[in-house]
Amino acid sequence: MSLYIEARIRADLEDLWKHTQEPALHQRWDLRFTEITYLPCADGEPQHFRYATRVLPFLTIAGTGVSAGEKRRADGTRTSALRFACPHPLSLLEEGSGYWRYVPEEGQGEGHEADGIRFLTGYDYRPRWGRLGALADRAAFRPLMGWATAWSFDRLRLWLERGITPERALLNAVADVALRLLGVTAAVLFAPMTALAAAALAVILPPLPTTPAARRCLRTPPARTRAPRVLSTLSTLATVKEPS
């Protein structure tokens, strides 16, 4: 998987599962999606879903996917895997697959809440538009997706650990960026000789503990990782259709 993001979250495993598996909760903290909706499916089948992202006020890009999870594994971990596709011609992302893993940490305290959970994802996708799309993906879109995933994971962590809702976390992030820009602007206007130093500080200074930050997440896998076996059980997206 080309993209890897990992966060350590001090929360109950069941709460983390709920906030990542229920669409109404998932869409609140994940910056990559505006809406996630489960589609009808028969008992025993993998869960089909529809997702949408509002790129501009007048432009929403939607796709479909199929997911399956392993909630109870012998080693105490949980896994969720999915395949997804987007038919919208303006979407650089054509189709892809990925997984989430929930790995309770042990040995540092009593219970999952004390020890924390390694919540990690690995995913990859195929861009459209041929060579132009591959170039745009490598130069801008893939780094943006990695940043958005990591930022969203930290936003989820703040929700579960501190009770800071995703909406409040977003306001905190906007205020943080505004203050940094204000500081740089003030330096340019009133102390031009310090403008470069002010810009460097705006980039280097860590955000407040109540503000989500992608930099708090691990972006490189600690060891060679493999996609979970449940991913191979999911059908290709050619069979995933929205109900008429």
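# Reading a sheet and its helices

Visitor: Let me start with one cysteine: is C86 buried or exposed?

Guide: In this predicted model, C86 is buried, with a relative accessible area of 3%. The cut-off for buried is under 20%, so 3% for C86 falls inside it. C41 reaches 29% relative accessibility and therefore counts as partly exposed.

Visitor: And how many disulfides does a search of the whole structure find?

Guide: That search returns 0 disulfides.

Visitor: How many bridges join β3 to β4?

Guide: Bridges tell you which residues face each other across a pair of strands. Strand β3 (residues 47-56) is joined to β4 by 9 bridges, with the two running antiparallel. As an example, Q47 has S67 of β4 as its bridge partner. The two strands make a hairpin, with 2 residues between them. On to the next pair: β4 and β5 also run antiparallel, joined by 7 bridges, and A68 stands opposite A81 in β5.

Visitor: How do I read burial along a strand?

Guide: In a regular strand, side chains alternate between the two faces of the sheet. Here β4 is mostly covered, with 9 of its 12 residues buried.

Visitor: What about aromatic pairs: how many does the structure hold?

Guide: There are 10 aromatic pairs. For each, look at the distance between ring centres and the angle between planes. W17 and Y102 have centres 5.0 Å apart and planes at 50°, so this pair is tilted. It links distant parts of the chain, 85 residues apart: W17 sits in helix α1 and Y102 in strand β6. W17 is buried at 11% relative accessibility, and Y102 is buried at 0%. W29 and W100 are also a tilted pair, 6.1 Å centre to centre with 35° between the planes. W29 belongs to helix α2 (residues 23-29) and W100 to strand β6, 71 residues apart. W29 is buried at 0% relative accessibility, while W100 is buried with a relative accessible area of 10%.

Visitor: Which residues do ring pairs link into a cluster?

Guide: W17, W29, W100, Y102, F119 and F153.

Visitor: Last one: which residues of helix α6 are buried?

Guide: In α6 (residues 195-204), they are A195, A198 and A202. Looking down the axis of α6, the buried residues fall within an arc of 60°, so they line one face of the helix. L196, V203 and I204 are exposed on the other side. What covers the buried residues of α6 includes α5 (166-190).

Conventions:
Residues numbered from 1 in each chain as written. Predicted model: local features only at pLDDT ≥ 70, side-chain atom pairs only at ≥ 80, totals over all residues. Heavy atoms only, no water. Buried < 20%, exposed > 50% of the residue type's maximum accessible area, 1.4 Å probe, protein only. Helix = DSSP H or I, 4+ residues; strand = E, 2+ residues; numbered from the N terminus. Arc of directions from axis to C-beta. Contact = heavy atoms within 4.5 Å. Disulfide = S-S within 2.5 Å. Pairing = 2+ DSSP bridges. Phe/Tyr/Trp six-rings, centres within 6.5 Å; stacked < 30°, edge-to-face > 60°.
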